[in-house]
Amino acid sequence: MTKPSLPDLLHAAVSAVGGTERPGQVAMAEAVAEAIDDNSHRLIQAGTGTGKSLGYLVPALAHGERVVVATATLALQRQLVERDLPRTVEALHPQLRRRPQFAMLKGRSNYLCLHRLHEGAPQDEEDGLFDQFEAAAPTSKLGQDLLRMRDWADETETGDRDDLTPGVSDKAWSQISVSSRECLGATKCAYGAECFAEAARERAKLADVVVTNHALLAIDAIEGAPVLPQHEVLIVDEAHELVSRVTGVATGELTPGQVNRAVKRAAKLVDEKTADALQTASETFERVMELALPGRLEQIPEDLGYALMSLRDSARNVISAIGATRDKSVHDEDAVRKQALAPVESIHGVAERITNGSEYDVVWYERHDRFGATLRVAPLSVSGLLREKLFEDRSVVLTSATLKLGGDFNGVAASLGLSAEGVEGDDVPVWRGLDVGSPFDYPKQGILYVAKHLATPGREGTRGDMMDELAELIEAAGGRTLGLFSSMRGAKAAAEELRGRLDNPILLQGEETLGELIKSFAADPKTCLFGTLSLWQGVDVPGPSCQLVVMDRIPFPRPDDPLMSARQKSVEEHGGNGFMAVAATHAALLMAQGAGRLVRASGDRGVVAVLDPRLATARYGSFLRATLPDFWYTTDRNQARRSLAAIDATAKADGK
């Protein structure tokens, strides 16, 4: 039987999902197939509307070997598993003569734990386990959520938190879930045969396509114990997010509250002397943290170093003691021991890591008004880790609407541990970049307006001229505005100010769930939605409800961000331009994502307004603009207002 051609397979898949075949999608599918066939790597930029999911799924399914697809967002995971994959598999079946299997796999804490549900959670104050359903008042929100989850446990087939609707708080979910460290293991657990997390792993082992997330991909790479099944091909979607997600997984933290809870839980299982030593170390650490000031610790202060060594040594002794104890009077002893061990092991690991003082780690204090001080440690760079763990033994395709920064792929490639495109060597993964463009006509559909006449934004204080400009733009647009702010303080200040000035409803991130806010924003063209970073990437509102996207300033990282400033300094010490490699790259990614909120469909029209004159006047402005969609560019404020008014009038004439 002749092998079906890729164009025929793609045509069948696109028809099945009711889409339109696009030249960029065809070019992407061919590039993915080529990478799989010659076991090489690709960075593929595919603009909004390209149909990139099918652009990689079709060649992956046609290949026949196991493929892992890792995404950053829950929304895309669900779209792949619930819509794109079922339809594509059915559409390709007549030509492939097989129905490839697919499965979703997440970290263990995303699944309901039957042991925790039925046997209860360890109690901090008294021996044994407690029944969280009895402990929570049935009239409280927590109590109601727990009862609802207990009912849901009897009917769910997956035990996946994201299948529980409406969702519940992290606090409620933690009552019925466990981390991988707390898990007893299927062979030791009375509920191992029914375990949802184990079932998900078994499905993944049998699947041709495994859909997972960046965090689990990072855990699989960092922790050494394989979580994902063996696979020939890795496709990373939303790849612009990968470095920050891997950094998040590789970041450790210690807080006095976390240490205190671990002490209370472990004290019941070890002798008094061992428990007292950990308690004393905990109190010493807490005293140090009370005086902690936010910022990077280039050298570990003597008092902190002493506290960490005490924590490390006493935690190690507790771990040994818990491992050696047996007490048949404790109900469900294995679970109690395992769940007491997990937080102590975490404390030991972080304390030891900071005490060892690797030159490749950054250590800093953070302080939160409600939660007090936190000690954090993160890798200076994850590029070496990614080069070693990601690109060996498999073909890797990384794709996103935003991978070219300042006109080429090399900036993103460097953050992933790759050399410049075309560089070859014994230990250098070979890759090629491809920009398949977008089906949208950006110069005709959108305008990039930079408010060049405004004052340069400072670090503090309100910007009166910016508020006036924002109010006038919103009035010209008739509402229809997504306001993207570089800080929550800026978003709140703008919302408060403009609610007093304008008749338009202004929604503010944090005042309702993001899903509800976006729904309300999409439903009423007069409404505006203001918010911060998660809105820069999470809003998909095609049509006339979003015809003006405003960015209050270029979203450089804060100058006092310990990790970003450490990375910038490291680049400079190695002879590079730290500002361009770190700060400008960070801003370019966010601005490209933010500007991408404007044109989501072929009929969309509108303006992206950047209220920061540096985009027009600073030397790095051209680098940032080259990363944005190719909109028609102007600094003429009157032109921007006239265009917005005309777009608003057209929408109203169409009854929208």
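Which helix gives the largest share of the lining of the second largest pocket? I looked this up in a predicted model. Helix 9 does, with five residues.

**Pocket**

I put the volume of the second largest pocket at about 510 Å³. I listed 21 lining residues. Nearest the centre lie D220, P226, L228, Q230 and H231. I then checked which helices take part. Helix 9 (196–206), helix 10 (214–222) and helix 16 (383–390) each supply at least two lining residues.

**Strand 19**

Next I went to strand 19, residues 606–610. Is strand 19 mostly covered or mostly open? I found five of its five residues buried. I noted both faces. G606, V608 and V610 are buried on one side, V607 and A609 on the other.

I followed its neighbours. Strand 14 (residues 446–450) pairs with strand 19 in the parallel sense, over five bridges. There, L448 has V608 as its bridge partner. Strand 18 (residues 548–551) also runs parallel to strand 19, joined by four bridges. In strand 19, V610 stands opposite M551.

**Helix 3**

Last, I checked the length of helix 3, residues 52–63. At 1.5 Å a residue, its 12 residues should span 16 Å. I get 17 Å between the end C-alpha atoms, which agrees. Helix 3 is mostly covered, with 11 of its 12 residues buried. Among them are K52, S53, Y56 and P59. Just after helix 3, I noted G64 with a positive phi of about 95°.

Note on methods
Residues are numbered from 1 along each chain as its sequence is written. This is a predicted model: local features need pLDDT of at least 70, side-chain atom pairs count only at pLDDT 80 or more; totals for chains, interfaces and linings use all residues. Side-chain values use heavy atoms; hydrogens and water are left out. The expected span of a helix is 1.5 Å times one less than its number of residues. Buried means under 20% relative accessible area, exposed over 50%, partly exposed in between (1.4 Å probe, protein chains only). On a 1 Å grid over the protein atoms alone, a cavity is a set of points where a 1.4 Å probe fits but cannot get out, and a pocket is an open set with protein on both sides within 12 Å along at least five of seven lines; lining residues have an atom within 4 Å of a point. Grid points are joined across faces, edges and corners, and a volume is the space filled by probe spheres set on the points. Two strands pair if DSSP finds at least two bridges between them.
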